[in-house]
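Subject: Structure handover

Hello,

Here is the structure I promised to pass on. Please open it first, then read my notes below.

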Amino acid sequence: MDGAIAADGARSKADWKVGVDIGGTFIDFCALEANSGRVASLKVLTTPDDPGAELMTGLNLLAEREGFDPTHMTRFVHGTTVGINTIIQRKGAPLALFTNAGFEDVIELARLRMPDMYSLFCSRPEPLISRDMVFGIPARMRADGSESQVPDMAAVERAVAGAKANGAQGIIVSFLHSWRNAAQEASVKAAISRLAPDLFVFSSAEVWPVIREYERSSTAILNGYVHPRVSGYLTALEERLKGRGVPARPMLTKSNGGLMNAAEGKRACVNMLLSGTASGVIGASWLARQAGDDKVLTLDIGGTSADFALIIGGEAQFGTGELIGEFPLHIPSVSVSSIGVGGGSIASVDAQGVLRVGPESAGSTPGPACYGRGGERATVTDAMVACGWLGHSEMAYGQLRIDTGLAHRAVGELAARLDRPVEQTAQAILDIAVSEMFVEVEKLSSRAGVDLRDFTLMPFGGGGPMLGAFLASELGMKRVLAPRRPGVVSALGGLVADLRGDFIRTIFSPLSATSLPTIREAFESLAQEGRNWLAAQGHDAAAELNLSCDMRYIGQSYEIEVVLSPEWLAKGDMTAIEQAFHRAHEQLYDFHDPEGAIELVNVRLSAIGAGPKLSFPESDEIDAPVNPARRIPVYTGLRVETVDLHDRQTLVPGSTFRGPAVVVQEDTTFAIPAGTQARVDRHLNLLLTFAE
């Protein structure tokens, strides 16, 4: 991201806009000074014991190196893994669940599905709320929204006393049919707040008022489980920024690829559980549009995981049911598939003598052996060093110096157990990592019904460029597009993201002319809710309102989301709505029933407030000679070869060279295999094409 970025408007004083992404190993910074168009980027090692402390370290380094002035920061956006790590590590708040008497097993029964139905040893994860912390309240709301049994407040009082005695810090209230009428949940919540003001309370309808009690309950539970840690983290963040004189209102990246303010994040914690991964896809989408590429597979490799997403038509894809650790998240989010293979993934030899990679990670502390921070076990990064692809320059903006001897020693211990040379063992580690990613990507493409040979791979994150070209080759893809600063794409995503709020109403009605008034009424109510939400975020410009509905054929168990035009509703064009559903069903399942009766389940609305209009400048491509900085020995899979090493800063638009080669830069290292043609385009992206 060297050079200028143009931004709308100009000011007499400095105007800094900063995007930050906090990962498991590094915190990434992308800072734009809007008046001059200058961009600064940085990586800082995380501090797991004090999340957010590294933020101040990074801001101080930006001030020292780039002349950054935090008192002139007009936009601050950040994504964090605090929420998702809390769930994965099971370090959330002790909770109690208040539900209808007779339905106390709702979260244990779930959907009666096993994570792996073909495994004899598979078991479902332990719920985040143990059975002794679930309290049944005599109360009942009918499916039509009428009340058949008033909540027993004496039972509520006894349940509150029991929850406190068992050590609960918060209570989740989730009753049947609250999607239709939330009055009972609201009254019980008010009673709990009165009886126990020291406990926090969330109701399922206020978190996500959707039909199906398990999905609604589990989403509310995830929200409450991370609430204390997320709220405490955000409060500390606001205080730290205030202490540095930052005037900008802190904004957070959301799972849906949009933004919200920190005040909302303290309550709507569930909306930011996938903020980091979503932000990376949004940044990649923006870069793909700049490059004119409308079909992209993103590959974001950090220290712990590899994340994959599809960009189609220049836009990220969205869905529900993404997994947060072992639990499904039933709110709209950028569709991302993840696997526990990252740069810090540890390689090991099991009891049967089989080499394995991940999912255990060395993280940032101690990190891979080659970091020299106390790590002794071989990782994917150490394998790259042992093969010679890494270790020829400083990493992470000078914060890491690679110790090749430590990497060889760590990989050598595995090599001795396998009775193979060090280089072959290192290559085997890389091959296993790529093969595991291959399997996950194949699943993703199959679910989406796309042919990856028509797509371009965009690798980013610190580890994406290290393995991206090898994965693309295995997948039969023809192009790889690496942005100028792959290591900070997720931070860039926060800079270019829009405000985005998602809202839902469950209607549950046959799709017919008689249901149109109900759909219109729901849409108008959601539209007003969306406008009010944008106003609360401080957005006073025009809003974009996107409408969709969840529909299915009557008799089906699950529905699909179909984008609708408000014009169809205004005109009462039932045919257009029906045809849109048939097309979507055909695309997903290769089948549709033109005569089938359709049922409408949910009306959804996304309210979007456009973010700042930024754009990269373009430079004309020229025929410039490419002279490697030096030549280095690399084990390329079969033998050690001497390959060219290029410094990314010396490459200009129009520069071309062939692989095998290595390109080094401050935030990552690009490994380029044999049989590839590399070219720098007018946006300073590095474009690889594979020989036929």
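Start with the lining of the largest cavity: α7 gives the most to it, with three residues. This is a predicted model, so please read everything below as computed from it. Two elements give two or more residues to that lining, namely β6 (95-100) and α7 (213-243). By class, four of them are nonpolar, four are polar and two are charged. The volume of this largest cavity is about 40 Å³. How many cavities reach 30 Å³ or more? The count is one.

Now the chain as a whole. It has 17 helices and 37 strands. Its radius of gyration is 26 Å, close to the 26 Å that the globule rule gives for 692 residues, so the chain is as compact as a globular protein of that length. The C-alpha trace spans about 80 × 55 × 55 Å along its principal axes. Of the 692 residues, 55% count as buried. Contacts reach across the sequence too. Take those with a separation of 6 or more: 69% of them are between residues 24 or more positions apart.

Next, the cysteines. How many disulfides does a search of the whole structure find? It finds zero. Cys370 is in no disulfide, and the nearest cysteine sulfur, that of Cys387, is 12 Å away. A disulfide needs the two sulfur atoms within 2.5 Å. Cys370 counts as buried, because its relative accessibility is 0%. Cys549 is buried as well, with a relative accessible area of 0%.

Is α14 enclosed or open? Eight of its eight residues are buried, so α14 is largely enclosed by the rest of the structure. Those residues are Val489, Ser490, Ala491, Leu492, Gly493, Gly494, Leu495 and Val496. Arg485 sits in the loop between β25 (479-482) and α14 (489-496). Is Arg485 buried or exposed? Arg485 is buried, because its relative accessible area is 5%, and the cut-off for buried is under 20%. The C-alpha atoms of Arg485 and Glu666 are separated by 8.6 Å, although the two residues are 181 apart along the chain.

The loop between α11 and α12 is worth a stop. Asp419 is found there, between α11 (404-418) and α12 (422-448). Asp419 is not a glycine, yet its phi is positive, at about 60°. Its relative accessibility is 72%, so Asp419 counts as exposed. Pro421 lies in the loop between α11 and α12 too. Pro421 counts as partly exposed, because its relative accessibility is 42%. Its C-alpha atom is separated by 9.6 Å from that of Val411, a residue ten positions away along the chain.

Some backbone details remain. Most residues other than glycine have a negative phi, and most peptide bonds are trans.

Phe508 has a positive phi of about 55°, and it is not a glycine. Where is Phe508? Its place is in strand β26 (residues 499-510). With a relative accessible area of 34%, Phe508 is partly exposed.

Two peptide bonds are listed here as cis. One runs from Gly358 to Pro359, with omega near -5°. Pro359 is found in strand β23 (residues 355-361). A cis bond also joins Gly659 and Pro660, with omega about 5°. Pro660 is in a loop, between β33 (656-658) and β34 (661-664).

- The lining of the largest cavity, with α7 and β6 giving two or more residues each.
- Helix α14, where eight of the eight residues are buried.
- Arg485 and Glu666, with C-alpha atoms separated by 8.6 Å.
- Asp419, with its positive phi of about 60°.
- The cis bonds, from Gly358 to Pro359 and between Gly659 and Pro660.

Best wishes

Key. Residues are numbered from 1 along each chain as its sequence is written. This is a predicted model: local features need pLDDT of at least 70, side-chain atom pairs count only at pLDDT 80 or more; totals for chains, interfaces and linings use all residues. Side-chain values use heavy atoms; hydrogens and water are left out. On a 1 Å grid over the protein atoms alone, a cavity is a set of points where a 1.4 Å probe fits but cannot get out, and a pocket is an open set with protein on both sides within 12 Å along at least five of seven lines; lining residues have an atom within 4 Å of a point. Grid points are joined across faces, edges and corners, and a volume is the space filled by probe spheres set on the points. Helices (H or I, at least four residues) and strands (E, at least two) are DSSP runs, numbered from the N terminus. Ala, Val, Leu, Ile, Met, Phe, Trp, Tyr, Cys and Pro count as nonpolar, Asp, Glu, Lys and Arg as charged, and the others, Gly among them, as polar. Buried means under 20% relative accessible area, exposed over 50%, partly exposed in between (1.4 Å probe, protein chains only). The radius of gyration is taken over C-alpha atoms; the globule rule is 2.2 Å times the number of residues to the power 0.38. Contact means heavy atoms within 4.5 Å.
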